[in-house]
Amino acid sequence: MKIFENIINHKINTISADELLKYAEQFNISVNRQQARKIAEYLRGKNVNIFDDVVRARLVKEIAKLAGPETAREVNKLFMQFTKS
């Protein structure tokens, strides 16, 4: 499963605002274009591991600062969808 985790993490670390919006729509998560842009800019180039609970929690806190707590909760739901096996 490590390769699966690497692929998911790579996608998170290189995601564009449009891709984030597409995934949000697919999983019925509420994120607007401006929020998606801010989140994608923040994530770009980071080496995050959303499968690590501590790293994911820290990431969600940073997203809350950028786009608000409700959006961070929504994005965390999206991350949780990605990490389901």
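Is Asp18 buried, partly exposed or exposed? In this predicted model, in which local features need pLDDT of at least 70, side-chain atom pairs count only at pLDDT 80 or more and totals for chains, interfaces and linings use all residues, residues are numbered from 1 along each chain as its sequence is written. Side-chain values use heavy atoms, with hydrogens and water left out. Asp18 counts as partly exposed, at 49% relative accessibility, where buried denotes under 20% relative accessible area, exposed over 50% and partly exposed the range in between, computed with a 1.4 Å probe on protein chains only.

Asp18 takes part in a salt bridge with Arg33, the N to O distance being 2.6 Å; a salt bridge is defined here as a side-chain nitrogen of Lys or Arg within 4 Å of a carboxyl oxygen of Asp or Glu. In general, side chains of opposite charge can pair when their charged atoms come close. The structure holds seven salt bridges. Helices (H or I, at least four residues) and strands (E, at least two) are taken as DSSP runs and numbered from the N terminus. Arg33 is exposed, its relative accessible area being 53%.

The two helices joined by this pair also pack against each other, with an angle of about 120° between H2 and H3 and their axes 8 Å apart. The axes are lines fitted to C-alpha atoms, for helices over the stretch in contact, and the angles run from 0 to 180 degrees between N-to-C directions. H2 is therefore oblique to H3, given that angles under 35 degrees count as roughly parallel, over 145 as roughly antiparallel, 65 to 115 as roughly perpendicular and the rest as oblique. On the H2 side, Ala17, Asp18, Leu20 and Leu21 meet Arg33, Ala36, Arg37, Ile39 and Ala40 of H3, contact meaning heavy atoms within 4.5 Å. By class, the contact of H2 with H3 has six nonpolar, no polar and three charged residues, where Ala, Val, Leu, Ile, Met, Phe, Trp, Tyr, Cys and Pro count as nonpolar, Asp, Glu, Lys and Arg as charged, and the others, Gly among them, as polar.

Leu20, which is placed in helix H2, is buried, with a relative accessible area of 3%. Leaving aside residues up to four places away in sequence, Leu20 touches Ile15, Ala36, Ile39 and Leu78.

Other salt bridges occur within single helices. Asp53 pairs with Arg56, the closest N and O atoms being 2.8 Å apart, and these residues, three residues apart in helix H4 (residues 53–67), are separated by about one helical turn. Asp53 counts as exposed at 52% relative accessibility, whereas Arg56 counts as buried at 10%. Not counting residues up to four places away in sequence, Arg56 touches Asn49, Ile50, Phe51, Asn76, Phe79 and Met80.

In helix H5 (residues 69–83), Lys77 and Glu74 lie three residues apart, about one turn of the helix, and their side chains meet in a salt bridge with an N to O distance of 3.0 Å. Lys77 counts as partly exposed at 44% relative accessibility, while Glu74, at 9%, counts as buried.
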